[in-house]
Amino acid sequence: MGYIGADKDRFKALVDLFFKGEYRITQRAAWPLSYCVRNHPRLIEPYYKQLLDNLEKKDIHVAVVRNTVRLLQDVSIPKRWHGRVMNICFDFVADMQTPIAVKAFALTILSNLSEDYPEIKGELKVLIEEQWQQATPAFRSRAKKVLISMEAK
């Protein structure tokens, strides 16, 4: 991550590994990618379509999904992608097979987007309530923060 910094060419090389690398390389590129974006969010701007296309694939490793949604929770997603991101995140939260970390990051993304789209708060609250009884402590912790955050907005 220090090597890449804010350098667009180095970041592009990492993105290329993330999208086109061999299976293990893709998994290993996912973690530094998310942290590079956290430090330099503008670097991801040209890659939203690829990121979202990738998230909609059924055969990608969970590490790739987890790190993609991790980075999306930390950036200001351009408006043109809001609807698609919301659909993807609602699907992740609703699917009982989604790993908890992915659900937690998706909840945060939806909470962030609820500032611009307050009409999604009700649907998000219903999804959380439906899963509350069988939810893990990690899900409950993130869900509670999301619910408090949405009420404060």
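Author: Helix 7, which covers residues 121-131, contains Q131; helices (H or I, at least four residues) are DSSP runs, numbered from the N terminus. The model is predicted: local features need pLDDT of at least 70 and side-chain atom pairs count only at pLDDT 80 or more, while totals for chains, interfaces and linings use all residues. Residues are numbered from 1 along each chain as its sequence is written, and side-chain values use heavy atoms, with hydrogens and water left out.

Reader: Why does Q131 count as buried?

Author: Buried means under 20% relative accessible area, exposed over 50%, and partly exposed in between (1.4 Å probe, protein chains only). Q131 has 5% relative accessibility, and therefore counts as buried.

Reader: What lies 2.5 Å from a polar atom of the side chain of Q131?

Author: The backbone oxygen of V93 lies at that distance of 2.5 Å. A polar contact is a pair of N or O atoms within 3.5 Å; within protein, one must be able to donate a hydrogen and the other to accept it, and residues adjacent in sequence count only if both atoms are side-chain atoms.

Reader: Which residues does Q131 touch, not counting those up to four places away in sequence?

Author: Q131 touches V93, A94, M96, K103 and F139, where contact means heavy atoms within 4.5 Å.

Reader: Is V37 buried or exposed, and how do you know?

Author: V37, a residue of helix 2, has a relative accessible area of 0%, so V37 is buried. Leaving out residues up to four places away in sequence, V37 touches F11, I44, L71 and V75.

Reader: Which other residues of helix 2 are buried, and what covers them?

Author: Among them are T26, Q27, A29, A30, P32 and L33. The cover of the buried residues of helix 2 includes helix 1 (8-20) and helix 4 (62-72).

Reader: How do you know the span expected of helix 2?

Author: The expected span is 1.5 Å times one less than the number of residues. Helix 2 (residues 23-39) has 17 residues, and its 25 Å from first C-alpha to last is close to the 24 Å expected.

Reader: Where does helix 2 bend?

Author: The bend, of about 30 degrees, is at A30, and the proline P32 follows within four residues. A bend at a residue is the angle between axes fitted to the seven residues ending there and the seven starting there.

Note on methods: Helix = DSSP H or I, 4+ residues; strand = E, 2+ residues; numbered from the N terminus.
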